[in-house]
Amino acid sequence: MMEEIARVVDYQQGWVTVEVELKSACNHCASSENCGTSTIAKAFSVHTQRFSLPSDKPCLSGDMLKIGLPESVIIKAAALVYLLPLIGLFLFAMVGQMLAAGLGFNTNGFAMFFGAFGALFAWFIGKHFATQLEADATPVIIAHLGQEIDIIQASN
């Protein structure tokens with residue numbers, strides 16, 4: 001289960017609206033101080049995403065929740081978006097080569113054209129099904145963490 005911390009924005013009749021900060025994969029390795037990609041990632045503002053979840057326990061605005069999404073959903077969506085175009089590329093390229101050989105045309109040109117078409121076609125199909133898969137996958141509340149605590153520095 002992939003877990004993330006979310007902040008409660010609103011609670012109404014068994015549904016809690018949460019806000020999650022979308023973080024970049026950068027800035028998490030030991031080389032982030034010397035990395036150009038990390039510097040560019042810091043320049044972009046942090047984005048947030050809001051969505052509603054069913055909640056069996058009432059929440060207050062500002063409460064912190066640990067939410068989770070099954071890894072199988074993410075793996076299936078990634079496979080649809082990344083692997084399906086590769087399969088489309090190889091299958092359509094093979095069909096293009098066999099068709100060109102049967103007609104007596106340049107097999108390489110037909111294979112490249114059909115392969116590119118097959119990859120693009122499969123990518124659109126994979127993206128469609130991945131979007132449906134992710135829309136049907138609802139994160140679940142794993143734990144109620146309570147209110148966020150701010151640390152106050154004492155001045156001398």
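**View 1. Gln13 sits in the loop that links strand S1 (2-12) to strand S2 (15-22).** Strands (E, at least two residues) and helices (H or I, at least four) are DSSP runs, numbered from the N terminus. This is a predicted model, in which local features need pLDDT of at least 70, side-chain atom pairs count only at pLDDT 80 or more, and totals for chains, interfaces and linings use all residues. Residues are numbered from 1 along each chain as its sequence is written, and side-chain values use heavy atoms, leaving out hydrogens and water. Although Gln13 is not a glycine, it has a positive phi of about 45°. Most residues other than glycine have a negative phi. Is Gln13 buried or exposed? Its relative accessibility is 80%, so Gln13 counts as exposed (exposed is over 50% relative accessible area, buried under 20%, partly exposed in between; 1.4 Å probe, protein chains only).

**View 2. Leu86 has its place in helix H2 (residues 71-103).** With a relative accessible area of 42%, Leu86 is partly exposed. Leu86 belongs to a nonpolar surface patch together with Tyr82, Leu83, Ile87, Phe90, Leu91, Met94, Val95 and Met98. Together these patch residues have about 970 Å² of accessible area (Shrake-Rupley method with a 1.4 Å probe; for residues, only the protein chains shown count as cover). Patch residues have over 30% relative accessible area and no salt bridge; like charges are joined within 9 Å, nonpolar side chains (Val, Leu, Ile, Met, Phe, Trp, Tyr) within 5 Å. A salt bridge is a side-chain nitrogen of Lys or Arg within 4 Å of a carboxyl oxygen of Asp or Glu.

**View 3. The protein chain has 3 helices and 5 strands.** Along the sequence, their pattern is β-β-α-β-β-α-α-β. Of the 156 residues, 22% are buried.
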